[in-house]
Amino acid sequence: MSIRRLPEHLVNRIAAGEVVERPASALKELVENAIDAGATRITVKLAGGGVELIEVIDDGCGMAPAEMALALERHATSKLPTDDIEHVATLGFRGEALPSIASVAQLTLESRVRGAEGWSLTVDNGARIAEGPAALPPGTRVRVEALFGRVPARRKFLRSTRAEYAACLDGMKRLAMARPDIAFAVEHDGRRVLSVQGGESRPARVAALTDRALQENSVAIDFEREGLMLGGVASIPTFNRGVADHQYLFVNGRPVKDRLLVGAVRGAYAEMLARDRHPVVALFLDVPPEVVDVNVHPAKTEVRFRDPALARGLIVSGLRRALDAAGHRSVQRPSEAALGLWQPGGVSSSSPSSLEEGLGWRDSKTQLGLGETVPHPNPSPEGEGLRHYSGAVRDSQTFFAAAPHARAEPARHEAPLATDFPLGVARGQVAKTYIVAEAQDGLVLVDQHAAHERLVLERMRRAMAGGTVPSQALLLAEVVELDEPGCDRLEARIEELRAFGLELERFGPRAMLVRAVPAALGTGDIHGLVTDLADELASFDEALSLKERLDHVAATMACHGSVRAGRILSVAEMNALLREMEVTPHSGQCNHGRPTWVKLAHGDIEKLFGRK
């Protein structure tokens, strides 16, 4: 078969497959053109998630009629005044967006230069069908209708209207973050869904597009190294989310998705966040054009650095310096030798190989809840000896460090012996987080939050196996405000969530009404629970089975319904928790895979003190 040139309309459709993957891709290209045209206000109108209609209106410099016709030809652009692609200073530069979109949709291009008349040009799937004068203010208006209408093979691979709309809204948020000096407005099906004014500060714009509380729970970043500058905002470690979808990265004002930069953010927050939690960040990296390649992919969402290690180090150092300057201190790590003596899950030479085998819950029929069997002992008086000792220290003008933050209560005379139970008997609480128990063969330390998290999850699974999880109606329904895509995800799963005892109701475009919660969870942080559920649903793969999705939901609910670190427990509550752990499968690890308890055998304790 001889080699031949492909027809122009087929070449454009092939190019469109790379540039225009979905409505969000077309919207991104059109808005970037408006930004490059010097617009101060950009209005976007969508219908049917962008599949039926995408309209972008700007007040930029506009185009003359001859330029409009040229703009619809491939590789025609005004953004590269020279032939040097190494120094790209604009968002667009390839000259492929408009002809690619026009080849798979009906595109109407209207534009007017200040001091001149407006002009309109319409192209239907690659064929020019109309042109003539148009009445509009200075600037440009682009209208895209019936995207992929004549390419059914592409249209059938699009996702639902809600999913396509969510992708369009996410893309607009990223572009709006990159340019706080420009006003943006977005309408979907005739309803205003996003509106920000121009001239805002960068932190204010980021907070307006993510979470208003971010402005009070973030640190500003301003860092420079070897000609590279890093700016933006980053949340403090305690202000985090359940998925990494709230991390926005920009290189020279261009929104990008780069694994190198995402890994750098994770490295900067190492040892400050749990593995299943993610910070909220918006990082703006400004580098000389010659050190970064933006021509990696036609969609221009990926970049490649000439020195990746320098870029990664800049982000890690800049984030850590900002977090340190805000007064955050890293936790002092114990020696590796001491840590090595603590065996997770009771695995040691003197203990069973696994919690399932060692505790023998398969034969146990007892199921206890917190505080159900053992009466609360009378609180002990606050030690008089400690007060006298503290006074003696002050009198001698000797400096001592603060007393260890711990809690211990005397056990009643009829309290069970340590030899009666595999996990021993509670003797106290350290840092309001860890239960200290004495077992027959050593000392057991339990993470109360991680342990109870697993217990609540297993309770919910048992309840699901028997039907539905009992719910507890709220005296006053609570309103939880979210972004619109998050509300859409929750609304689509209302029936599944009701099976877990969580009753939700749509309350306007950007809010959910919580009427009941699972009885096992109580009325804890309802806002945090619903927010994390919305994040979890966003991360679901469509290929996941219903059971896998429900397991994810149950794990998230269990995390919010468990005993929190920082809560003071009585000895009775501590012992009840230990007893339930002994009869609950998989209680050796929490829902995220971390150990719930560790044991230091008597022999290991003797080694620490040099007795062996």
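**Exercise 1.** Does F284 count as buried or exposed?

*Solution.* The model is predicted, so local features need pLDDT of at least 70 and side-chain atom pairs count only at pLDDT 80 or more, while totals for chains, interfaces and linings use all residues. Residues are numbered from 1 along each chain as its sequence is written, and side-chain values use heavy atoms, without hydrogens and water. Buried means under 20% relative accessible area, exposed over 50%, and partly exposed in between, with a 1.4 Å probe and protein chains only. F284 has 3% relative accessibility and therefore counts as buried.

**Exercise 2.** Determine how the rings of F250 and F284 are arranged.

*Solution.* Rings of Phe, Tyr and Trp (its six-membered ring) pair if their centres lie within 6.5 Å; planes under 30 degrees apart count as stacked, over 60 as edge-to-face and the rest as tilted. This rule gives one aromatic pair. The ring centres of F250 and F284 are 4.5 Å apart and the planes stand at 5°, so the pair is stacked. F250 is also buried, at a relative accessible area of 1%.

**Exercise 3.** State which charged end sits over the ring of F284.

*Solution.* A charge sits over a ring if NZ of Lys or CZ of Arg is within 6 Å of the ring centre and within 35 degrees of the ring normal. The charged end of R202 sits over the ring of F284, at 3.9 Å from its centre. Likewise, R579 lies over the face of F421, 3.8 Å from the ring centre.
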